[in-house]
Amino acid sequence: MSGGAHGRSKGLNGWLLSLPALVLLFVAASGPLLIVAVYSFLEKGDYSGVRWIFSGDAWFRVLFEKDIFDGTVSLADANLSIFWRSVKLSLATTFITFVLGLPTAWFIATRAAKARAIWLFLITIPFWTNLLIRTFAIMEVIRNQGLLNTALINLGVISEPIQILYTDTAVLIGMAYVYLPLMVLPLFAAIDRFDMRLIEAGYDLYASRWLILRRIILPIIKPGIVAGCILVFVPSLGAYVTPRVLGGGKNMMIGNFIELQFGQGQNWPLGAALSMVLLIVVMGALLLYTRVSSRDDPHG
Amino acid sequence: MRKILIATTAIMASSVAAMAEGTLNLYNWGNYTNPELLEKFTKETGIDVTVTDYDSNTTALAKVEAGGSGFDLVVPSHNYIPIYVGKGLLAELDHSRLSNIGNIADEWADVPWDPNRAHSIPWQWGSTGIAVNTKAYSGDPHTSDIFLDPPEELVGKVNVVPEMSDVMAMAIFNVGGEACTEDLEVLRKVRDKLMAAKPSWLSMDYGTTDKLSSGDYVASVNWNGSTMRARINNPDVVYGYPKEGYPLFMDSVALLADANNVDEAYQFLDFIMVPENAAMISNFARYANGIAGSEPFMPDEMKTAPEIVTPAEHADAGRFLPTCPPSATELYTSIWTELLK
Amino acid sequence: MGKRRFDVTTLPGFTFIAITAFVLLYAPIFTLVIYSFNGGNSVNVWGGFSLKWYAIAAQNEAVQSAAIRSVIIAVSASGIATTVATMAALGTTRRGRFKGQTAIYIMINQPLMVPEIVTAVALLIFFSSIKIATGYTGLGYLILAHAAFCVPFAYLPIRARLEGMDMTMETAAADLYASPWQTFRYVTLPLLMPGVIAGAMLAFVISLDDVIITEFVKSAGQDTLPTYMLGQLRRALTPEVNAISTVLLALTVVILTAFFLITRKRD
């Protein structure tokens, strides 16, 4: 597996090493998802499930909506606005976790070797408690009679509690909280192998700190940044619990919207078609990314 | 540590022994089954009951329909019973094996959603109404206008539980329609009403018991049992029965067609129709049951609770929601989507 | 280190932001622990100090076995996921491009791309038919499902570590006639370890947290802590779950401290 392998054997090795993961995924994730792909082309069943009759209805409904009152057909702007809201919120979440996560990962990676493991665990320990109870704990901090407002009132900063709960701010706080370790850990993995002598060299050449961050550190830890951003952005697109609990559930995200179709909406084909669209969009974005990045990848 | 090890091995082994003699698998709403009830049942019959939780009718239906999970008894809401029956998922009950079947109160012995109780036994029933904190609002609580056209002092402070069928039904009743209506004129009014009301809502969330108790919510669409629990914590909370009409529900225990432990299931069904045992169900979850003679076994606070014992003047407005046809559900989902987009 | 010198690894504001991040992470945990000692029935109305929820949780076999079941599934699933993800990461980085590499990359990350409910429904249909056909209803399905969706969470940090990692050490080892296995075991793996640990921890936490897929895949009597709580959500959560969570946290801290002390002694 060292330098000598070339050409076809390289690819063969790559496939062989990836095989266990691919088999596992095919059995318990992607394979069964084919069922969902098929469902999106069927008629909806009564109350749940599908009827095995071909229908393009679900896909039509992804793109167009028929007004139930006057029967006019127009572009599905409900679907679009839900999708757009999800994208905006996920982008914001990714940005916040990056701004908080990079310094945190850096801080951990620059500790002494022994302490590093401890700090790393400290990042994940809050996540050993379940998502729901964590979300409720966040609620406890930001609600009107909660920790934050009480503290601010006692300090004399404000006189009336600020309504944070059930706003987009609350959703952002919650999402950033939930997804922070997904940003920190890959960043840590990349920073940890960063050679600090490069910074020294930079200083020797009279580079400013900002320049060092931008020109030396960020390019080298780029794989970690990419991994972190994917791990935060993609799952937060389908986030479900946090927007519902902290955002008050008045506006749907795409995860809630798809859940509605499989649940109370009783329209599995539409749920299936919507998730296929999401899958295709994300896949396309990833594909585009790998194309673009392989062009400037020195190892490519 | 040893205890954990033993428990760990037990968990790994138990899945294999799911069909062993003297066990019963109950698939029920979370936090809805009194553990003391199960202990008593085990003591009397030697049958071990395993409870598995679900959080919604749709999840339960999807899982039962897919099959293979090893459940014996399930507790759907009344309007899901006809769906289960229509899909052939329930076994018809052999009343000769249920010696206590006569204990079902007369009004629940023959119900539209399950004629002659051929498939289900009452578990608990209740209503969806309005909970209001009288400190924030002192007017009449018995109207769905509290969330559909909030009085000034409640604007921006109302919570609505995110249950499509309940909320839609209350809105339809509010504009004078019938449950499951497909009348577009009515639905247009419903849509307009909901769209106009939404900006005055604070949130659409569960967890109402806690937040009503703490005062985070001063008004909410809520269930009667939950409101009672909140009122015990916070005496300012009152329960309103909307005069325009409000939904009633009854969750009922049914035997699955592919149950493995049929004998045990019958014993359990018979057991919960004993008034004393039915009272244990209510005492835990704070909803009324449908068994005659269970009241004497309930604590006084439940016997007199205005949330549980519907005052006569409000009883007429309560209606059991029928099973809406898919075409109606489709219309409602469209309105719901427009509301939450 | 006796001499005072300019520390090149410190970037302005970084330590401050890092400490802030830790404080923010622990503030909710702090309230969670406090409310586990609540004498009242609510997770957000304080009713005096009491240990009653610990007593109740200690009595409640359902919640205990749910907690243990969660840990069993998380340990098994993250173990499997990390192993296959490490292999896949080794297979898809640092050996030059090969045909299908992008396809593998996309396939491995696929579980991230659809909301959980979709995978949940797909698995429900697929696993149910296997359950009916084989009669086996054990924890295997849950472990398999969890392992699968944990793969990308383990894979990406490991890959981030591997990408651009210097190959000279491995080449040197090979030049010294180390077998590929020896090279991997004594050279590559130690270098890779921080990535593997990061990936394994993410996979573990993700599995421990999962609720929707578990809800749809579980068989009778297989509630995990999250599904147990989901079932309660519609009615009312009690500080019982806070008590259980606090015990789990305390156990973690004890194990970690022990681990830290043992490894320190050995040095």
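Which residues point one way from E7(B), and which the other way? B:Ala219, B:Val221 and B:Trp223 point one way, B:Ser220 and B:Asn222 point the other way, and all are buried. A residue counts as buried if 20 or more other C-beta atoms lie within 10 Å of its own, as exposed if 12 or fewer do, and as partly exposed in between, with C-beta atoms placed from the backbone. In a regular strand the side chains alternate between the two faces of the sheet.

The structure is a predicted model, in which local features need pLDDT of at least 70, side-chain atom pairs count only at pLDDT 80 or more, and totals for chains, interfaces and linings use all residues. Residues are numbered from 1 along each chain as its sequence is written, while chains are lettered from A and ligands numbered from 1 in the order in which they are written.

Strand E7 of chain B covers residues 219-223 and is mostly covered, with five of its five residues buried. Helices (H or I, at least four residues) and strands (E, at least two) are DSSP runs, numbered from the N terminus. Two strands pair if DSSP finds at least two bridges between them. Strand E4 (residues 120-133) of chain B runs antiparallel to E7(B), and five bridges join them. Here B:Gly129 has B:Asn222 as its bridge partner. Strand E5 (residues 158-159) of chain B pairs with E7(B) in the parallel sense, over two bridges. B:Ser220 in E7(B) stands opposite B:Asn159.

Chain B is divided into domain 1 (11-125 + 249-304) and domain 2 (126-247 + 310-340). These bounds come from an automatic or database domain assignment. The centres of the two domains of chain B, taken over C-alpha atoms, are 28 Å apart. Eleven residues of domain 1 and nine residues of domain 2 take part in the contact. Two residues are in contact if their C-beta atoms, placed from the backbone, lie within 7 Å. On the domain 1 side, helix H4 (81-86) and E4 of chain B each supply at least two residues. That side has seven nonpolar, three polar and one charged residues. Ala, Val, Leu, Ile, Met, Phe, Trp, Tyr, Cys and Pro count as nonpolar, Asp, Glu, Lys and Arg as charged, and the others, Gly among them, as polar.

Chain B also meets chain C through helices. The axes of H3 (residues 57-66) of chain B and H5 (residues 116-134) of chain C come within 9 Å and cross at roughly 30°. Axes are lines fitted to C-alpha atoms, for helices over the stretch in contact, and angles run from 0 to 180 degrees between N-to-C directions. B:Ala62, B:Lys63 and B:Ala66 meet C:Leu124, C:Ile125 and C:Ser128.

Chain C holds eleven helices and zero strands. Its C-alpha atoms fill a box of roughly 65 × 65 × 35 Å along the principal axes. Of its 267 residues, 55% are buried. Chain A has 13 helices and four strands. Its C-alpha trace spans about 70 × 70 × 35 Å along the principal axes. Of the 300 residues in chain A, 48% are buried.

Chains A and C also touch, with 91 residues of chain A in contact with 101 residues of chain C. Helix H1 (residues 7-39) gives the most to the chain A side, with 21 residues. That side divides into 63 nonpolar, 19 polar and nine charged residues.
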